[in-house]
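Student: Could you walk me through this fold before I set anything up on my side?
Tutor: Gladly; have the sequence and the coordinates open, and ask as we go.

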Amino acid sequence: MHIAVLMLALMTVGGPAWAETTKPIKLVVLGDSLSAGLGLPAQEAFPAKLQKALQAKGIAVDMINAGVSGDTSSGGRDRLDWSVPEGTEGVIVELGANDAMRGIDPDLTRAALTDIVTRLRARKIAVMLCGMLAPPNFGADYGARFNSIYPNLAKQFDLPLYPFFLEGVAADAKLNQADGIHPTAEGVDIVVNKMLPTVEAFLRTIGEQRR
């Protein structure tokens with residue numbers, strides 16, 4: 001009797017109730033070099049570490065790293081159909097850093113991200129948005145126009161938003177590679193840990209919609 005109770009307790013400990021399913025959630029990270037893991041082994045990239053962190057919480061995901069180094073928001077839009085295969089249930093969008101670094105008109109970035117969200121929604125795919133902040137060298141006006149893109153889109157489409165992908169890592173030399181832009185493996189760990197609650201809530205919504 002005691003053994004049976006113990007086994008039942010062990011079975012109930014683990015992942016959240018919504019994650020108790022026969023198949024993992026199919027997730028794509030659509031991004032640039034920041035999420036692709038430039039300069040790092042594949043297992044140290046953001047999608048791989050996020051998948052591992054979710055699995056540790058009992059949440060099974062099939063993760064695709066669809067990050068392409070150098071990609072702008074327009075580049076991500078142009079490859080959307082083949083980067084996000086059929087059967088995908090959720091997409092984490094991490095795009096815009098290259099737009100800001102190149103001084104691309106924020107209206108173009110906003111239009112590309114809007115198109116990405118609209119097209120994914122049309123395919124019944126849930127979207128989570130990762131925000132980016134413009135560097136100061138293009139001036140306050142550019143920064144204000146660019147930085148407002150992500151909260152505005154999140155409000156317009158009622159999307160979960162992680163406000164700044166590099167929160168806790170940007171500008172910290174110890175957490176970035178020699179270029180001062182791309183996180184080290186330790187930096188990626190911080191990104192994952194800070195973002196994990198937002199991702200869990202995002203996946204909870206997907207899991208509950210399966211029922």
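**Strands, helices and their packing**

Tutor: Let me start at one end of the sheet, where strand β5 (residues 161-162) runs parallel to β4 and is joined to β4 by two bridges. Please keep in mind throughout that this is a predicted model.

Student: Which residue stands opposite Leu161 in β5?
Tutor: That is Leu129, which faces Leu161 across the pairing of the two strands.

Student: And how many bridges does β4 share with strand β3?
Tutor: Strand β3 (residues 90-94) pairs with β4 over four bridges, again in the parallel sense, and within this pairing Val91 stands opposite Val127 in β4.

Student: Is β4 largely enclosed or left open?
Tutor: Strand β4 (residues 126-130) has four of its five residues buried, so it is largely enclosed by the rest of the structure.

Student: Zooming out, what is the order of the strands in the sheet?
Tutor: The sheet is open and has five strands in the order β2-β1-β3-β4-β5, with parallel pairing. The edges are taken by β2 (61-67) and β5, each of which has a single partner strand, so one side of each is left without a neighbour in the sheet.

Student: Which strands does helix α3 touch?
Tutor: Helix α3 (residues 46-56) packs on the sheet and touches β1 (25-31), β2 and β3, and the direction of α3 makes about 165 degrees with that of β2.

Student: What about α7, which strands does it lie across?
Tutor: Helix α7 lies across β1, β3 and β4, and its direction runs at about 175 degrees to β3.

Student: Moving to helix pairs, how far apart are the axes of α7 and α9?
Tutor: The axes of helix α7 (residues 106-122) and helix α9 (residues 149-157) are 11 Å apart, and the two helices pack at an angle of about 30 degrees. With that angle, α7 and α9 are therefore roughly parallel to each other, and α7 passes α9 in a right-handed crossing.

Student: Which residues make that contact?
Tutor: From α7 the contact uses Pro106, Thr109, Arg110, Leu113, Thr114, Val117, Thr118 and Arg121, while α9 contributes Ile149, Tyr150, Asn152, Leu153 and Phe157. Sorted by class, this contact of α7 with α9 has seven nonpolar, four polar and two charged residues.

Student: And at what angle does α8 pack with α9?
Tutor: Helix α8 (residues 140-147) packs with α9 at an angle of about 25 degrees, with their axes 5 Å apart, which makes α8 roughly parallel to α9. Arg145, Phe146 and Asn147 of α8 meet Ile149, Tyr150 and Pro151 of α9 in this contact, whose residues by class are four nonpolar, one polar and one charged.

Student: Last one, what percentage of the protein's contacts join residues at least 24 apart?
Tutor: Among contacts between residues at least 6 apart in sequence, 78% join residues at least 24 apart. For the overall tally, the protein has 10 helices and five strands, and buried residues make up 45% of its 211 residues.

Technical notes:
Residues numbered from 1 in each chain as written. Predicted model: local features only at pLDDT ≥ 70, side-chain atom pairs only at ≥ 80, totals over all residues. Heavy atoms only, no water. Axes fitted to C-alpha atoms, helices over the stretch in contact; angles between N-to-C directions. Parallel < 35°, antiparallel > 145°, perpendicular 65-115°, else oblique. Left-handed = near helix turned anticlockwise from the far one by under 90°. Contact = heavy atoms within 4.5 Å. Nonpolar A, V, L, I, M, F, W, Y, C, P; charged D, E, K, R; others polar. Buried < 20%, exposed > 50% of the residue type's maximum accessible area, 1.4 Å probe, protein only. Pairing = 2+ DSSP bridges.
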